[in-house]
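Trainee: I'm new to this structure, and I'd like to understand how its descriptions are reached. Could we go through it together?

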Amino acid sequence: MQASTRKASSAILLSLMLTSTALTACSSSNNETGSPSPSASPSSSASAPASESASPSDSPNAGGSVYPIKTDVMLTRWLDSGAFSQQLAVTPKLEDFPFNKELEARTGIKVKYELPAVNQAKEQLNIMFASGEYTDIIEWNFVTGYPGGPEKAMQDGNILKLNDLIDKYAPNLKAYLAKHPEVDKQIKTDSGAYYGFPFIRGDDYLMTYGGPIIRKDWLDDLGLEVPTTMDEWYTMLKAFKEKKGATAPLTFISTPRLFDDLQQGLFYGAFGIKRDFYMDDGKVKFGPAEPGFKDFLTTMRKWYAEGLIDKDIATVDGKIRDANMTSGKSGATYALAGGGIGKWLTAMKDVDPKYDLVGAPYPVLNEGEVPKFGQKDFAAPQGGNFAISPKSKNPELAVQLLDYGYSEEGSFFFNFGKEGEAHTLVNGYPTYTDPVKENLPLNLGLYTRATGGPFVQDKRYYEQFAALPQQQEAVKTWGQTDVDKHQLPPISPTAEESTEFAKIMNEVNTLVDETTIKIILGTDSMDAYDKFLTKLESLNIDRAIEIYQAALDRYNAR
Amino acid sequence: MLSKLEKRAERTHWGLFLRKDWSRNKLLYAMMLPALAYYLVFQYGPMYGAVIAFKDYSPAEGILGSPWAGLSHFKDFFEGFYFERVFTNTVLISVYTLLFEFPAPIVLALLINEVRSRAFRGFVQSVTYMPYFVSLIVICGIVKDFTNSGGIIQQIVASLGGADTALLQNPDYFRPVYVASEIWQRIGWESIIYIAALSSIDTEQYEAARIDGAGRWRQMRSVTLPGLLPTIMIMFILRMGNLLNVGFEKIILLYNSSIYETADVISSYVYRKGLIEFDWSFSAAVGLFNSVINLALLVLANYLSRRVNQNSLW
């Protein structure tokens, strides 16, 4: 009895696969001949996407797989529940999230979610790989979270190489990648293998969300302009200290890494460097090994000695920074538009109506220069993080499920949820409904998957998420940098190289962090810098640069 | 010639003894089996996993399948740029803790023993236990708050004319802060065993001492302390076996790069390395090294203790 149903359903599946293959063939050839417009991303340029109610077949991209797919197969899906902890506290099962229910209705594919215990994702992933009991879809950052990277993960037999499957069953993703070669590069390996479906930030506007933040009301009181150069920053911090009584005029987070908040190049950038690796004209460089590092240390040492930097700078964490910025202890910091500007403005609205913040440009050394670095995410920030297990009995179905988010209709649904429930169209603009807006961070997780899913993120999501004028303005200010020319793309050293690289960098990072903080705090004299350079040399930093250079060259050749 | 015969006689004697004992105590042996199995499966079995210290372990290939690496992980560790520093720091922090934190609960137990009022005793005990039951991350948060500039300790220092700087940003202060917080956290909990040992001292001894004219101080020195000594020695030996295991959780929660010089210990160093490299084999090699040193120290302490006062674990 059971056997016969299985046979029947597999027959249905087979015929389905055949039709979808046939359809895919049509649609993909369509897409390839279709006029390519690389600059316009479909999500942002799409003027009012086909309304929700439009049947899937009307949608131009849905040609590959006709959703909903008729199948009885239940796919399993493993993911780190960390991102959903807030939602899971309200709705304990992912299957019951309104978004996931609707997704199942639309794609026709039932999904069972498996969640590792909180904060044990990595251990449990290892257990899954060791035990051989894989889920069909595995959600994980294989670029940074798997030793040796995605190439090694495929070699080890833990995830599937997807090139053929994407060719056959993922017309939507394929079409998107054809139009966006830079995303394509970011989600394949040096050898050209696809290993997973990406989360894609569909607009430059979505990639910048952090930068320097200053107390606007203080600036106004003191009659100061928003500073653009290091000298102007110095004048401003001095004024904050002397006239505003700030005991820690400049504060920023130093956990888990020293100067964590400056990793994107704030202050370092004025001296043409970054704390980490970057590139000048295609040549890889390591910031602390460049002469600019000494100037950075000298300036910061001076600022610290004059009491302009938080006395506890080596131990400041998020909580302390929040307290500093809202208590008048500090007037300038680095933070995100959401977790900084939004959070503090909301918190201070009733306490101090005058309290105001402004996003400042990354400071430069000389007036008129363009900042060299700034926070900017990649279009596919986690690479292809929706992978499929080699043990999956229905890999093609899993591919079809994941591909949905790159169709026009699917991407719209991921961003804005179901019409009437999560959003309404106001003059063609998908506006989140009032009940959803009541608690955006919570409800966006329940009714949409507007961030982090396998889809193309829409600018209009962020316009509503960071809706305060100060936030909008800040994101624009922060975006004006040359970071694209200097930031390293997501390169991947080979497995052997990364072992060697990690060995060198572990010692180097300890050395750099220690030297940085001791010179700035004044524990060591400036002379320590010369000793530092000699030590850095002896730790073989040149080899590390060489490894990254080779990886970069391979990346460019992709 | 004679000795050979003797040995053979002994062997047959043993064989006979075992056979007899077996037939007599079959059931007892059977009852011992589960306990034996527990040790084999859960204590000795996993030891075989330590073999990854000599391999380039990868979970996909399994313990047996991973290629051999010889002593390269040990070499990496000993030749590491920071090996000397982390090793010295580990030993120093352990020794300071042993020196200052180990006697603290003994003193507390002796003091509590002298208190007459039951209510006050109970109160002191509850208050001193308390920090032990607070999560470590909270303890470290409190310590950081207290020692930051503007924190309670710094306010006291400043009011006495000292400089108001963050203690945990100065390498000179890390060890005192660490040891002091260790005492604060464990003194109450660890005193329990001493208090229990104290209650088992025969009251007649005190009576006799009093009749001989001993004051309280003399009683403590001549009756209480000798009565407590076996417990102290056992605790000391056990402690020696953990000398190199400085808890990395507490260190990584308290330290930062400005005080690596005194705060970075073997385990925190391995943690940083492991976090970046996912190098299980390297961690296993360091763990094995730690265990060997600890075992040596344990044996040494046991030997010394036996020589000095015939009191030992085995």
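**Reading the model, step by step**

Mentor: Gladly! Let's begin where the chains meet: 20 residues of chain B are in contact with 27 residues of chain A. Keep in mind that this is a predicted model.

Trainee: What makes a pair of residues count as being in contact?

Mentor: Their C-beta atoms have to lie within 7 Å. On the side of chain B that touches chain A, helix α15 (residues 266-277) of chain B gives the largest share, 4 residues. By class, that side of chain B has 9 nonpolar, 7 polar and 4 charged residues.

Trainee: And what is chain A made of, in helices and strands?

Mentor: Chain A has 24 helices and 13 strands. Of its 558 residues, 45% count as buried. Among contacts in chain A between residues at least 6 apart in sequence, 80% join residues at least 24 apart.

Trainee: Why is Phe259(A) called buried?

Mentor: The cut-off for buried is 20 or more other C-beta atoms within 10 Å. Phe259(A) has 23 C-beta neighbours inside 10 Å, so Phe259(A) counts as buried. You'll find Phe259(A) in the loop between α11 (230-243) and β6 (277-280) of chain A. Its phi is near 50°, a positive value in a residue other than glycine.

Trainee: Why is Asn427(A) called exposed?

Mentor: Exposed requires 12 or fewer such neighbours. Asn427(A) has 6 C-beta neighbours inside 10 Å, and therefore counts as exposed. Asn427(A) lies in the loop between β11 (423-426) and β12 (429-432) of chain A. Phi of Asn427(A) is also positive, near 50°, and again the residue is not glycine.

Trainee: How do you know that Gly122(B) is exposed?

Mentor: The cut-off is 12 or fewer. Gly122(B) has 12 C-beta neighbours inside 10 Å, so Gly122(B) counts as exposed. The place of Gly122(B) is in helix α7 of chain B. The C-alpha atoms of Gly122(B) and Arg19(B), 103 residues apart along the chain, are separated by 55 Å.

Trainee: What makes helix α11 of chain B hardly covered?

Mentor: Among the 9 residues of α11 (residues 203-211) of chain B, the count of buried residues is 0. After α11(B) comes Gly213(B), whose phi is positive, near 95°.

Trainee: Why are α12(A) and α22(A) called oblique to each other?

Mentor: Helix α12 (residues 292-305) and helix α22 (residues 495-521) of chain A pack at an angle of about 45°, with their axes 7 Å apart. Roughly parallel would need an angle under 35 degrees, and roughly perpendicular covers 65 to 115. α12(A) and α22(A) are therefore oblique to each other. The contact is made by Leu297(A), Met300(A), Arg301(A) and Tyr304(A) of α12(A) and Thr516(A), Ile519(A), Ile520(A) and Leu521(A) of α22(A). By class, this contact has 6 nonpolar, 1 polar and 1 charged residues.

Trainee: How do you know that α7(B) and α10(B) are oblique to each other?

Mentor: Helix α7 (residues 118-133) and helix α10 (residues 174-199) of chain B pack at an angle of about 125°, with their axes 6 Å apart. Roughly perpendicular ends at 115, and roughly antiparallel needs an angle over 145. So α7(B) and α10(B) are oblique to each other. α7(B) passes α10(B) in a left-handed crossing. Residues making the contact include Tyr129(B) and Tyr132(B) of α7(B) and Trp184(B) and Trp189(B) of α10(B). The residues of this contact divide into 6 nonpolar, 4 polar and 1 charged.

Trainee: One last thing: which peptide bond is cis, and where is its proline?

Mentor: A cis peptide bond joins Tyr67(A) and Pro68(A), with omega about -5°. Pro68(A) is in the loop between α2 (42-45) and β1 (74-78) of chain A.

Methods: Residues are numbered from 1 along each chain as its sequence is written. Chains are lettered from A and ligands numbered from 1 in the order in which they are written. This is a predicted model: local features need pLDDT of at least 70, side-chain atom pairs count only at pLDDT 80 or more; totals for chains, interfaces and linings use all residues. Axes are lines fitted to C-alpha atoms, for helices over the stretch in contact, and angles run from 0 to 180 degrees between N-to-C directions. Helices (H or I, at least four residues) and strands (E, at least two) are DSSP runs, numbered from the N terminus. Two residues are in contact if their C-beta atoms, placed from the backbone, lie within 7 Å. Ala, Val, Leu, Ile, Met, Phe, Trp, Tyr, Cys and Pro count as nonpolar, Asp, Glu, Lys and Arg as charged, and the others, Gly among them, as polar. A crossing is left-handed if the near helix is turned anticlockwise from the far one by less than a right angle, and right-handed if clockwise.
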